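Student: Hi! Could you walk me through the side-chain contacts in this one?
Tutor: Happy to, let's bring it up.
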Amino acid sequence: MIDLRVIGKVEDGLLKVEYKLENRGTSPLIAFDGAPGAGSPVPDLSRMILVSYAIEDLKLLRVIPQPPPGTMVESARIPLVSQTDPGKSRHVKFSLPVPVREFNDWTPDFKDATYEKHVVPMITLVIGCFWKTPATVLKPAGAPELLRLHAGMEPEQRVQASFRVDVEVEARTDSKFLRAR
């Protein structure tokens with residue numbers, strides 16, 4: 001009921017990603033991918049996307065950040081959302097500087113953080129979403145297509161799609177880093 005298609009390339013020192021999120025369901029789809037759509041200029045989302053390195057794959061996570069196992073948290077950042085009505089599609093373009101630096105909200109970069117460069121051949125885009133219900137309350141976030149979720153979130157589903165491109169990554173190696181999931 002949700003279709004995600006993604007393409008990407010490395011060009012001019014940027015990883016340029018373009019995706020289409022299609023709602024084939026009967027309710028509005030709320031996705032944690034709130035950023036301007038396919039307009040120009042293409043936004044740099046390097047602090048809005050969780051980046052998680054694995055040996056053969058780099059995950060770009062547009063989701064609610066999950067706390068590391070065993071960690072108690074008092075609050076978490078809820079990303080801006082988009083709404084895609086039934087039968088409609090959302091087209092988004094964004095970029096990340098290359099090398100793409102591993103990032104998450106729980107263990108952000110700090111002066112003693114250490115990194116190791118790798119090249120990965122596959123990128124997987126993961127988008128968290130849920131179906132809108134009468135209890136869902138959304139408010140404008142200051143720009144077209146950008147909304148804030150105020151109430152009524154249903155359990156997050158995740159959709160993903162991958163594309164092949166060799167991209168240089170700076171993977172975190174310090175012991176304090178907890179990979180996004």
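Tutor: Let's start with a definition: a salt bridge is a side-chain nitrogen of Lys or Arg within 4 Å of a carboxyl oxygen of Asp or Glu. The side chains of Lys111 and Asp112 meet that definition, at 3.5 Å from N to O. Keep in mind that this is a predicted model.

Student: Is Lys111 buried or exposed?
Tutor: Lys111 counts as exposed, because its relative accessibility is 78%.

Student: And how many salt bridges does the structure hold?
Tutor: There are 13. One of them joins Lys16 to Glu11, with the closest N and O atoms 2.8 Å apart. Lys16 is partly exposed, at 26% relative accessible area, and Glu11 is partly exposed too, at 30%.

Student: What about Arg172 and Asp174, how far is it from N to O there?
Tutor: That salt bridge spans 2.6 Å. Arg172 is buried at 4% relative accessibility, and Asp174 is buried with a relative accessible area of 12%.

Student: Which residues are linked in a network?
Tutor: Asp3, Arg5, Glu22 and Arg24 are, through salt bridges.

Student: Okay, switching to rings. How many aromatic pairs does a search of the whole structure find?
Tutor: Two. In one of them, the ring centres of Tyr19 and Phe94 are 6.3 Å apart. Their planes meet at 70 degrees, so this pair is edge-to-face; the cut-off for that class is over 60 degrees.

Student: Where in the chain do Tyr19 and Phe94 sit?
Tutor: Tyr19 is in strand β2 (residues 14-23) and Phe94 in strand β7 (residues 89-97), so to speak distant parts of the chain, 75 residues apart. Both Tyr19 and Phe94 are buried.

Student: And what are the distance and angle for Phe32 and Phe130?
Tutor: Their centres are 5.9 Å apart and their planes are at 40 degrees, so that pair is tilted. Phe32 lies in the loop between β3 (29-31) and β4 (50-54), while Phe130 belongs to strand β9 (residues 115-131), 98 residues apart. Phe32 is buried at 2% relative accessibility, and Phe130 is buried at 0%.

Student: Which charged ends sit over rings?
Tutor: The charged end of Arg62 sits over the ring of Phe94, 5.7 Å from its centre. Arg101 has its charged end over the ring of Tyr115, 3.9 Å from the centre.

Student: Last topic: how do β10 and β11 run?
Tutor: Strands β10 (residues 137-140) and β11 (residues 147-151) run antiparallel, joined by four bridges. Pro140 stands opposite Leu147 in β11. The hairpin has six residues between the strands, and Gly142 takes a positive phi near 95 degrees.

How values were computed:
Residues numbered from 1 in each chain as written. Predicted model: local features only at pLDDT ≥ 70, side-chain atom pairs only at ≥ 80, totals over all residues. Heavy atoms only, no water. Phe/Tyr/Trp six-rings, centres within 6.5 Å; stacked < 30°, edge-to-face > 60°. Helix = DSSP H or I, 4+ residues; strand = E, 2+ residues; numbered from the N terminus. Buried < 20%, exposed > 50% of the residue type's maximum accessible area, 1.4 Å probe, protein only. Lys NZ or Arg CZ within 6 Å of the ring centre and 35° of its normal. Pairing = 2+ DSSP bridges.
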